[in-house]
Amino acid sequence: MRRAPSARRPTCAPADRQEEVAPRRIPPHQSTDASQRLATTHEEAGTLEPIIQLRGVTKSFGSHTVLEDISFDIPRNRISAIMGPSGTGKSVLLKTIIGLLRPDRGEIWIDGEETVRMRERDLYRVRRKFGVLFQDGALFGSLDLYDNIAFPLREHTRKSEGEIRRITMEKASLVGLVDHLRKFPGEVSGGMKKRAGLARALALDPEIVFFDEPDSGLDPVRVAYLDELVRKIQEETGATFTIITHNIPSVMRTADFVAVLFRSGLVRFASTQDMITCDDHIIRQFMAGRAGGPIGMDELATERTEVENELVERAAARDEASRDRRELERAHGVMQV
Ligand SMILES: Nc1ncnc2c1ncn2[C@@H]1O[C@H](COP(=O)(O)OP(=O)(O)OP(=O)(O)O)[C@@H](O)[C@H]1O
């Protein structure tokens, strides 16, 4: 299998301890106990077989560079979390990986295939490996939960209704929704919507499942249940899960690896255990959820500066327009004289 060139990973360890990516297929975890799992998750990301490889990924919107030179490997058969302060580009990174946005520079390798320069037809094939759980579950309000879960099977396969039913019931059972399938999204709780969205994301047996803030809008107890479910399903399916979240306790319960983004860049990608003991001041502040530190008001200042910049640009454009008008008027005046 082809693979991206090795990424230099930012790490707390000295450079000579950084390992190259080595192909090795690891069976999924066996334990559902978070503390036990954390204790056994002291793996080096670089020693595992990667399924997603980012190399120098850069994405800007106008003059705003949201992602700059992002490089890291997401290991296969593991749960990785992508974290970082609000507005730091987590969702943009997710959209870039799944091909909804195109990076300005860099490479994205999915399961050994570079996708940025791929033809649409091939990209479609690669996308079949993905399942995505969007923040609100992205369910169709006019379909009941059964039809929502069955939707990708009807849309993307030629399976018989009997087979679709078997798979839909299997996925609904996985997320504990078998008794609620005739309800519509508007009739169920936020947690049930997430579970239905998860069942739908799993319908085509994806190798990689992306979660965009799965905890949003849920109370802490529902988040804990959802985390348990996520962990259990990852163990049962052996798929690679990539979760975008702000929720540190949730990351502690579910993730094997964590990427932290800050000011357009990757601060670090490492095992969750490693993140806890890392003494990088950005990581420490983020993991502890503290107000004081490099993350904070200066981020707001960055945002303000951009807004201010735009206002200044608009004012300059207005000045230029009125200067042009004055010039025109003067020219008119000269001509009239
Ligand atoms: N299509 C777009 N056009 C212009 N700017 C965009 C677009 N999408 C995202 N951005 C900008 O990119 C930046 C990062 O957005 P993104 O949604 O990825 O942040 P995030 O880290 O996911 O934030 P949050 O945690 O609050 O969801 C923001 O400043 C946002 O305004």
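Helices (H or I, at least four residues) and strands (E, at least two) are DSSP runs, numbered from the N terminus. The structure is a predicted model, in which local features need pLDDT of at least 70 and side-chain atom pairs count only at pLDDT 80 or more, while totals for chains, interfaces and linings use all residues. Residues are numbered from 1 along each chain as its sequence is written. The protein chain has eleven helices and ten strands.

**Ligand shell**

- Around the ligand stand Phe61, Val66, Gly84, Ser86, Gly87, Thr88, Gly89, Lys90, Ser91 and Val92; a residue counts as near a molecule or strand if its C-beta atom, placed from the backbone, lies within 6 Å of it.
- Helix H2 (residues 90-97) gives the largest share of this shell, three residues.
- Sorted by class, the shell has three nonpolar, six polar and one charged residues. Ala, Val, Leu, Ile, Met, Phe, Trp, Tyr, Cys and Pro count as nonpolar, Asp, Glu, Lys and Arg as charged, and the others, Gly among them, as polar.

**The antiparallel sheet**

- Four strands form an open sheet in the order S2-S1-S4-S5, with antiparallel pairing; two strands pair if DSSP finds at least two bridges between them.
- Strand S2 (64-75) and strand S5 (113-114) are at the edges with a single partner strand each, so one side of each has no neighbour in the sheet.
- Strand S1 (residues 50-61) runs antiparallel to S2 and is joined to it by eight bridges. Within this pair, Val57 stands opposite Ile70 in S2, and Lys59 has Leu67 in S2 as its bridge partner.
- S1 and S2 make a hairpin with two residues between them, and Gly62 in the turn has a positive phi of about 60°.

**Strand S3 and its parallel partners**

- Strands of a sheet pair through backbone hydrogen bonds, either parallel or antiparallel.
- S3 runs parallel to strand S8 (residues 240-244), and four bridges join the two. The bridge partner of Ser80 in S8 is Thr242.
- Four bridges also join S3 to strand S9 (residues 257-262), again in parallel. Here Ile82 has Ala259 in S9 as its bridge partner.
- Five of the five residues of strand S3 (residues 79-83) are buried, so the strand is largely enclosed by the rest of the structure. A residue is buried if 20 or more other C-beta atoms lie within 10 Å of its own, exposed if 12 or fewer, and partly exposed in between, with C-beta atoms placed from the backbone.
- Ile79, Ala81 and Met83 point one way from S3, Ser80 and Ile82 point the other way, and all are buried.

**Core and chain totals**

- The largest nonpolar core has 70 residues, of which Met83, Ile149, Ala199, Val209, Val258, Ala259 and Val260 touch the most other members. Both domain 1 (1-129 + 206-293) and domain 2 (142-204) give residues to this core, so it lies between them.
- Such a core is a set of buried Ala, Val, Leu, Ile, Met, Phe, Trp, Tyr and Cys residues joined through C-beta atoms within 7 Å. The domain bounds come from an automatic or database domain assignment.
- Leaving out residues up to four places away in sequence, Val258 touches Ala81, Met83, Val251, Ala270, Thr272 and Met275; two residues are in contact if their C-beta atoms, placed from the backbone, lie within 7 Å.
- Of the 337 residues in the protein chain, 38% are buried.
- Among contacts in the protein chain with a separation of 6 or more, 68% are between residues 24 or more positions apart.

**Individual residues**

- Asp69 is found in strand S2. Its phi is positive, about 55°, although Asp69 is not a glycine, and the residue is partly exposed, with 15 other C-beta atoms within 10 Å.
- Asp111 lies in the loop between strand S4 (105-110) and S5. Asp111 is likewise not a glycine and has a positive phi near 50°; it is partly exposed, with 18 other C-beta atoms within 10 Å.
- Lys183 is placed in the loop between helix H5 (161-174) and helix H6 (190-202). Lys183 is partly exposed, with 15 other C-beta atoms within 10 Å.
- Not counting residues up to four places away in sequence, Lys183 touches Asp144, Leu145 and Val188. The C-alpha atoms of Lys183 and Lys232, 49 residues apart along the chain, are separated by 25 Å.
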